[in-house]
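Trainee: Could you go through this structure with me, a bit at a time? I would like to ask things as we go.

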Amino acid sequence: MTDEKRIERLSAMLKRRGIVLPAFEIYGGVSGLIDYGPVGASIRRRVIQNWVEHWTINGDIVEIDSPTITPEPVLVASGHVGEFNDLMTQCGKCSAAFRADQLAENNHPNPEILEANEIDEILISNEIECPNCGDKNWTPSKPMNLMFGTKIGAMRASRQAYMRPETAQGMFMLYPSLYRHFRQKLPFGAIQTGKGYRNEISPRQGMIRLREFNMAELEYFIDPENPPVIDLSMKKEIVSFIPDPHGEDYKEVKISFSEAIDQGVMKDHTVAYFLSRTLDFLINVGINPSKIRFRQHEGTEMAHYAEDCWDCEIFGEHGWIECVGIANRTCHDLLSHEKHSNSNSLRAWREFDEPKTDTKEVLAPNTSILGPMFRGKAGLVLESLKQLDELPDNFPFELQIKDGTKVEITEEMVERKTIHTSIAGEWFTPHVIEPAFGIDRIIWHILDHAYEETEKEGEKYNLLRLSESIAPVDLIVLPLFEKEGMGETARKLNLQINQIKGVISSIDSSKSIGRRYARADEIGIPWAVTVDHISLEDETVTVRRRDDQKQVRTEIQLLLNLIRLGNVSSLF
RNA sequence: GCGCCUGUAGUGAAGGGGUUAUCACCUGAGGUUUCCAACCUCAUGUCCCGGGUUCAAAUCCCGGCGGGCGCACCA
């Protein structure tokens with residue numbers, strides 16, 4: 001933050017080069033909505049692709065995809081409808097905004113259940129003062145829900161719905177399918193990338209707080225009694241942690257993951273594992289490791305569902321920004337959906353180490369005799385027989401039944417049997433660890449950390465040092481001149497490269513070669529391949545490295561092979 | 001949502017009640033050029049939107065929309 005103008009120059013470049021732009025600009029734009037242009041969209045796709053591959057590589061996590069339109073009951077169960085329908089009021093004098101129920105806290109046993117007019121009445125009759133300025137003049141309170149509402153279906157048959165505020169609910173909805181997919185064995189996880197929607201009161205800070213944004217979330221389901229055993233002793237790199245201070249001042253500690261666990265900075269090994277995997281991902285896509293820290297939420301800051309929550313914060317032009325939240329949501333969501341939906345398939349089976357066996361002697365009823373004999377009371381008699389703890393030694397005997405009366409049971413009515421029972425396990429609700437990534441915020445920081453302003457021969461020179469895996473294109477082919485067949489050769493080479501799966505190449509033949517290198521550097525293309533006069537004679541080209549502008553000449557066939565292997569850098 | 005500041009080509013800026021709105025870079029066409037934003041010629045393109053004041057508004061006023069900062073909000 002030493003140079004206040006840097007952010008303006010960076011934003012101007014992002015717009016000029018078609019990376020990130022304000023959306024709907026010819027209609028005046030809409031705050032909180034952005035476009036990724038032709039260059040930015042490619043970067044975004046590759047960041048998401050990297051993210052998907054990062055989590056699915058072990059095979060215990062699969063990708064799913066769910067609707068963004070979500071029926072209301074789902075979000076009632078998840079808590080989003082209730083949590084977000086808070087009544088807000090503003091001070092008439094200083095315009096400070098508060099949750100109305102919190103202002104009325106001392107004047108009503110349960111202000112959360114009140115309607116707007118009831119709570120307004122309490123604020124007036126009790127002369128509640130504004131905590132900010134002391135005034136007692138409140139605007140009528142209004143429900144403030146940060147979700148975008150919509151309707152499914154037309155007219156009276158329509159159902160209330162919302163645009164999803166997070167992708168996570170999709171994974172919970174698919175839990176039964178996931179459980180079958182993974183052969184009913186925990187732990188397993190599911191990821192989803194896509195749009196989320198929050199109708200922010202005041203979106204700010206460019207692409208940091210958006211109303212429609214790219215999320216990438218992972219729900220990892222575990223058995224809380226048998227959490228996965230994860231060895232983090234190899235994790236020796238030094239990381240910055242800020243544990244929950246419990247009232248004391250925040251204190252940053254710089255230690256490794258293995259030390260953090262040994263020292264009790266992090267109690268939950270599974271959460272620690274996802275923190276460390278998150279760190280790996282961020283470094284892979286080009287975030288500067290020295291600008292990453294993990295901060296534990298305070299108790300008061302915790303989301304309504306979370307038990308333990310860490311933020312991964314990244315430092316950039318906007319200061320420290322939360323880019324990933326890693327929460328132990330415990331069984332909150334699955335349990336709540338089970339209650340609201342009456343579904344019985346949101347659980348997992350836990351087999352005991354040893355089946356619990358039991359041998360029991362019972363009196364098995366002979367219903368063809370019992371039935372006609374007791375008629376209306378037969379059901380009660382059967383129930384009492386079943387619950388009999390000690391079997392009588394002799395017949396007939398008296399049996400107390402539920403309505404208080406006693407009946408006589410004779411030998412013909414029952415049969416003495418030995419029952420062997422074996423209980424192999426039990427049903428339980430899995431716990432879930434959720435790393436939730438704000439993709440747009442991460443992309444902003446990738447761009448921020450990669451953007452470098454330098455000088456070249458006295459002139460300003462900007463480049464984007466993007467990691468190879470997320471560059472908008474892998475390489476650019478440049479004919480030195482558009483004549484003598486150089487342009488033709490370059491187009492042919494570009495086509496050959498683009499035919500390699502997963503590789504994107506582009507071509508640029510306008511203006512001087514120096515200018516084209518500069519343009520390529522500014523959008524972060526790692527390699528530039530130049531076709532010159534020598535190329536026409538011996539099938540060689542020069543390859544230029546963005547980061548130091550070094551060039552080597554190589555045979556086209558060798559280059560194509562190296563591109564296939566993703567190892568162009570071995571030329572240098 | 002409130003307060004202060006703000007909005008001129010793709011980008012960055014100058015100007016400002018009165019002929020055809022200025023500059024640099026960028027972009028396109030042509031020329032030139034044997035590897036790092038060279039040069040020459042030509043071309044495209046701008047006063048955020050709406051209302052008001054005025055003979056005349058890009059300029060002044062009001063409102064909206066967008067941006068920045070502060071306050072508040074941010075599962």
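Trainee: Is Glu537 buried or exposed?

Mentor: Glu537 is exposed, because its relative accessible area is 69%, and the cut-offs are under 20% for buried, over 50% for exposed and partly exposed in between, with a 1.4 Å probe and protein chains only. Please keep in mind that this is a predicted model, in which local features need pLDDT of at least 70, side-chain atom pairs count only at pLDDT 80 or more, and totals for chains, interfaces and linings use all residues. Residues are numbered from 1 along each chain as its sequence is written, chains are lettered from A and ligands numbered from 1 in the order in which they are written, and side-chain values use heavy atoms, with hydrogens and water left out.

Trainee: Where does Glu537 sit?

Mentor: Glu537 is in helix α17, which covers residues 533–538; helices (H or I, at least four residues) and strands (E, at least two) are DSSP runs, numbered from the N terminus.

Trainee: And which residues form the negative surface patch?

Mentor: That patch is made up of Glu537, Asp538, Glu539 and Glu555. Patch members have over 30% relative accessible area and no salt bridge, with like charges joined within 9 Å and nonpolar side chains (Val, Leu, Ile, Met, Phe, Trp, Tyr) within 5 Å. Asp and Glu count as negative and Lys and Arg as positive, while His and the chain ends are not counted, and the place of a charge is taken as NZ of Lys, CZ of Arg, CG of Asp or CD of Glu. A salt bridge, in turn, is a side-chain nitrogen of Lys or Arg within 4 Å of a carboxyl oxygen of Asp or Glu.

Trainee: What is the phi of Glu539?

Mentor: Phi of Glu539 is near 60°, which is a positive value in a residue other than glycine, and Glu539 is found in the loop between α17 and β27 (540–545). Most residues other than glycine have a negative phi, and most peptide bonds are trans. Arg183 also has a positive phi, near 55°, and its place is in the loop between α8 and β10.

Trainee: What joins Leu186 and Pro187?

Mentor: A cis peptide bond joins Leu186 and Pro187, with omega about -5°, and Pro187 is in the loop between α8 (175–181) and β10 (188–197).

Trainee: Changing topic, how many salt bridges does the structure hold?

Mentor: There are 31 salt bridges. One of them pairs Glu313 with Arg293, whose closest N and O atoms are 2.6 Å apart. That pair links distant parts of the chain, with Glu313 in strand β15 (residues 308–316) and Arg293 in strand β14 (residues 292–296), 20 residues apart. Both Glu313 and Arg293 are buried.

Trainee: How far apart are the closest N and O atoms of Arg350 and Glu426?

Mentor: In that salt bridge they are 3.4 Å apart, and the pair links strand β17 (residues 348–365), which holds Arg350, with strand β20 (residues 414–428), which holds Glu426, across 76 residues. Arg350 is buried because its relative accessible area is 10%, whereas Glu426, at 31%, is partly exposed.

Trainee: Last one, why does Ser258 count as buried?

Mentor: Ser258 counts as buried because its relative accessibility is 8%. Ser258 lies in helix α9 (residues 257–262), and, leaving aside neighbours within four places in sequence, Ser258 is in contact (heavy atoms within 4.5 Å) with Leu232, Ser233, Lys235 and Lys236.

Key
Accessible areas come from the Shrake-Rupley method with a 1.4 Å probe; for residues, only the protein chains shown count as cover.
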